[in-house]
Amino acid sequence: MAKRELFFALAATIGLISANGADACTGITLKSKDNGVVTARTIEWGASEMDNMYTIVPRGYIQQSMLPNGETGGMAFSAMYGYVGLAVVEPGWVVDGMNEAGLSAGLFYFPGYGEYPEYDPDEKAKTISDFQLVSWILSRFSTVDQVRDAIQDIRVTSIDPRASTAHWRVTEPSGKQIIIEFVDGRPNVYDSQLGVLTNSPDYPWQLKNLNNYVNLIPGTAGPIKMGPISLNAFGAGSGFLGLPGDFTPPSRFVRAAFLQTYSIQQDTSYDSAMQAFHILNNFDVPLGTEYPVGRAPVNMPSATQWTIATDMHDRVVYYHTMYNRTLRAIELDKIDFATVSFQSHPLDDTRSETIIPITVTQNAQ
């Protein structure tokens with residue numbers, strides 16, 4: 001396929017993704033007793049089976065940004081750091097990953113509230129497409145403060161006018177984390193103390209909304225007296241009665257904040273990574289819930305296409321997919337980023353669960 005034809009094919013894909021509301025991503029952050037930090041998130045897209053892949057990028061690899069209307073001359077950047085990322089549709093569209101310095105970055109949809117700078121052809125040499133921003137961050141930086149400073153000097157654009165805007169979460173191994181949102185054409189950078197991110201509205205609104213749930217507590221509520229009768233909980237966990245269970249971004253933000261905060265701190269970052277998958281099981285989106293009854297366009301195992309946990313302490317990227325919940329691990333410390341070739345591979349070798357039969361021994365003692 002010619003380069004210009006490829007551009008319009010990719011632009012159409014990203015436009016369709018945005019138009020169909022692929023905005024149900026949920027991110028959490030866990031810290032272990034050994035000072036390890038794990039970022040984890042889901043990614044949703046219920047309209048079709050996306051081409052999901054992992055990408056290995058060596059040091060020195062040069063990329064150039066795509067621009068609107070297939071223009072050339074977008075910002076070029078080389079990789080000071082090698083990195084591993086999970087990508088959608090195209091190997092360069094890394095939406096979550098980690099570099100060899102331990103910096104993690106991820107893209108989350110931000111529809112209806114963000115606005116990038118107006119595209120200016122005269123500024124194209126410092127303009128980068130939103131779907132390549134994670135690659136730029138992982139290629140060039142090792143701390144969130146470096147990213148905070150550098151984001152002020154570039155221009156972010158979408159290659160398709162139909163596409164939603166995005167916002168980003170960036171985390172360093174110390175646990176320091178920022179959220180980047182473009183509003184009215186300018187980047188707003190927030191320190192993230194909670195470590196939770198979903199989608200719209202903006203990050204400050206999501207934090208304020210948590211005050212609506214000040215009554216929630218871990219454990220069991222009651223008993224209390226109501227006049228002559230006593231009210232007792234039907235079961236454990238009643239302190240969370242009222243925790244929103246729907247899949248809207250504000251409800252997922254609240255649910256993620258409470259489940260993350262009151263989960264038991266683990267001894268190691270490996271244990272935290274495993275715990276992250278259990279927490280994020282609460283955010284798997286059954287496909288039929290995104291569409292009216294009988295209107296789902298495809299039949300897939302889930303609208304949650306994959307889940308990733310990034311261990312910045314041990315430099316390991318773990319993931320599972322909607323087709324195979326067996327965890328896969330990519331160990332960055334075992335990759336020589338000075339000599340490895342740029343490569344990408346499907347997340348699933350085969351789209352089926354790994355099932356281990358249990359052998360029953362007759363007359364077992």
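Glu-331 and Lys-334 join their side chains in a salt bridge, with N and O 3.3 Å apart. A salt bridge here is a side-chain nitrogen of Lys or Arg within 4 Å of a carboxyl oxygen of Asp or Glu. Glu-331 is partly exposed, at 36% relative accessibility. Lys-334 is exposed, with a relative accessible area of 67%.

The model is predicted: local features need pLDDT of at least 70, side-chain atom pairs count only at pLDDT 80 or more, and totals for chains, interfaces and linings use all residues. Residues are numbered from 1 along each chain as its sequence is written, and side-chain values use heavy atoms, with hydrogens and water left out.

How confident is the prediction? The protein chain averages a pLDDT of 92, and 93% of the residues score at least 70. Residues 4-8 fall below 50, yet this stretch has 10 contacts in the model beyond near neighbours in sequence. pLDDT is the predictor's confidence in each residue, from 0 to 100. Contact means heavy atoms within 4.5 Å.

Back to the charged pairs. The whole structure holds 13 salt bridges. One of them links Asp-145 to Arg-148, with the closest N and O atoms 3.6 Å apart. Both residues sit in helix H3 (residues 144-150), three residues apart, about one turn of the helix. An α-helix has 3.6 residues a turn, so residues three or four places apart point the same way. Helices (H or I, at least four residues) and strands (E, at least two) are DSSP runs, numbered from the N terminus. Asp-145 is partly exposed at 34% relative accessibility. Arg-148 is also partly exposed, at 21%.

Another salt bridge brings together the side chains of Lys-126 and Glu-123, at 3.7 Å from N to O. Lys-126 is partly exposed, with a relative accessible area of 36%. Glu-123 is partly exposed too, at 28%.

Now turn to covered parts of the model. Helix H2 spans residues 133-140, and seven of its eight residues are buried. Those buried residues are Leu-133, Val-134, Ser-135, Trp-136, Ile-137, Leu-138 and Ser-139.

Gln-305 belongs to strand S16 (residues 304-311). Is Gln-305 buried or exposed? Gln-305 counts as buried because its relative accessibility is 1%. Its side chain makes a polar contact of 2.9 Å with the side chain of Asn-52. A polar atom of the Gln-305 side chain also lies 3.3 Å from the backbone nitrogen of Met-50. A polar contact is a pair of N or O atoms within 3.5 Å; within protein, one must be able to donate a hydrogen and the other to accept it, and residues adjacent in sequence count only if both atoms are side-chain atoms. Leaving aside neighbours within four places in sequence, Gln-305 contacts residues including Ile-43, Trp-45, Met-300 and Thr-321.

Strand S14 (224-226) and strand S15 (229-231) each give two or more residues to the patch. Leu-231 lies in strand S15. At 32% relative accessibility, Leu-231 is partly exposed.

How values were computed: Buried < 20%, exposed > 50% of the residue type's maximum accessible area, 1.4 Å probe, protein only.
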